[in-house]
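Let's take a friendly walk through a protein fold, one piece at a time. Have the picture ready and follow along.

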Amino acid sequence: MTNRLTLQQAATAIVAAESILITAGAGMGVGSGLPDFRGHQGFWKIHPQYAAEGLSFSDLANPIWFENDPAKAWGFYGYRYQLYQKTIPHPGFALLKCWQDKAQQPGFVVTSNVDGQFQKAGFSDERISECHGAIHYLQCTVSCTDEIWTAPELRFDIDPQQLLAKGDLPICPRCGELARPNVLMFGDRDWLSTRSDQQRRRFYEWENTIAGKKTVTIELGAGSTIGGIRRTGASMPGTLIRINPREAEGPPGTISLAMGALEALQAIDAVIQDHGD
Ligand SMILES: [Zn+2]
C-alpha cells in the first residue's frame, strides 16, 4: 500500500515546482484503456492470434514485415493507429497539464509512446519530444527521401481476426513504394530520426531555460527494459517522482509511487486539493 507520506511528498514537490518535466513510457496509456505493449500478457490476451503464431510485440514491431508481408505489417501498425485515433486520453493527462501550467516556467514532455496522446490531451506540440517517433507520421520504406509526412487517415480495412490490412496501403508520394510509420522499430536501421531529433533539440533548449529553477520530473509507466525514459528522468536536476506499479525504485531522493499512472496522479491531486493551492 502506498504511503500517504509519499503522496504528500509528491504533492508538495509539484506545488512548489517552478517547472515540470513529464517523462512517459508505455504504462502511461493503460489508464486510457491502451494495452501495455511492452508486457506480453496484456497484448497477447487481446490478440490471441499473435500468441498462436508465437509472435511477440518485439517480433511484430520489426521493419522486416514491411518487406516480407506488407499486409501483416500494416495490419499491426494500422490496428494500433486506429486504436490510438479513437482513444481518449485519461484524466491524468489533464492533471499533468494543469500542474505544468501552474508552474512559473513552461514545462516539457518526453515520451517513448508513439500514440500522440499528449498532443491530443492539449499539450503543445512544440514542447513534446517523441523519442521513438509517432505512428501518425509516415516515411518511405526504401528511403528515397528523408521526408516525413503526416497520415491524417488510413484508407484500408483491417481484418479483425487475422489483423491483416486489406486494400490500398500507404505509399511514398515520391517513388510510389510502400510507406511505413515513422516509428523506431526493433532492429530498425531505416528509421528517419529527423523529426525526433528536432524535438530533442527543443528539449535541450528547454533544459537551458530551467537552469537554477526548482524542477520536478514526473516519470510515468517507464520500464527498465528500454531504459531511455528512466535515464532521462534520473539525470534531471531537481526532484524525481517515479510512478510505476512494478519498478518504482530510483536513485537516492526519488519519490517512488508503486501505482498505475492514472491512479497515482488522481491520488496526488486529491492531496493537493485537500491542502488548497
Ligand atoms: Zn519513396
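## A pair of strands to start with

Find Ile218 first: its bridge partner in β10 is Ile241. This model is predicted, so keep that in mind as you look around.

## The parallel sheet

Now step back to see the whole sheet. It is open and has 6 strands, in the order β3-β2-β1-β9-β10-β11, with parallel pairing. As a general rule, strands of a sheet pair through backbone hydrogen bonds, either parallel or antiparallel.

Which strands stand at the edges? They are β3 (128-130) and β11 (255-257), and because each has a single partner strand, one side of each is left without a neighbour in the sheet. On average, neighbouring strands of this sheet are turned by 15° against each other, direction ignored.

## The antiparallel sheet

Strand β4 (residues 133-140) pairs with β5 in the antiparallel sense over 2 bridges, and Leu138 stands opposite Trp149 in β5.

Next, look at helix α1 (residues 4-16) and helix α11 (residues 261-275), which pack with their axes 9 Å apart at an angle of about 70°. The two helices are therefore roughly perpendicular to each other.

Which residues of α1 and α11 make the contact? From α1 come Leu7, Gln8, Ala10, Ala11, Ile14 and Val15, and from α11 come Ala267, Ile268, Val271 and Ile272. By class, this contact has 9 nonpolar residues, 1 polar residue and no charged ones.

## How the protein is divided

Finally, the protein splits into domain 1 (1-34 + 89-130 + 192-277) and domain 2 (36-86 + 138-181). Their C-alpha centres lie 29 Å apart.

Where the domains meet, 11 residues of domain 1 are in contact with 8 residues of domain 2. On the domain 1 side, the touching residues divide into 4 nonpolar, 5 polar and 2 charged.

Technical notes
Residues are numbered from 1 along each chain as its sequence is written. This is a predicted model: local features need pLDDT of at least 70, side-chain atom pairs count only at pLDDT 80 or more; totals for chains, interfaces and linings use all residues. Two strands pair if DSSP finds at least two bridges between them. Helices (H or I, at least four residues) and strands (E, at least two) are DSSP runs, numbered from the N terminus. Domain bounds come from an automatic or database domain assignment. Two residues are in contact if their C-beta atoms, placed from the backbone, lie within 7 Å. Ala, Val, Leu, Ile, Met, Phe, Trp, Tyr, Cys and Pro count as nonpolar, Asp, Glu, Lys and Arg as charged, and the others, Gly among them, as polar. Axes are lines fitted to C-alpha atoms, for helices over the stretch in contact, and angles run from 0 to 180 degrees between N-to-C directions. Angles under 35 degrees count as roughly parallel, over 145 as roughly antiparallel, 65 to 115 as roughly perpendicular and the rest as oblique.
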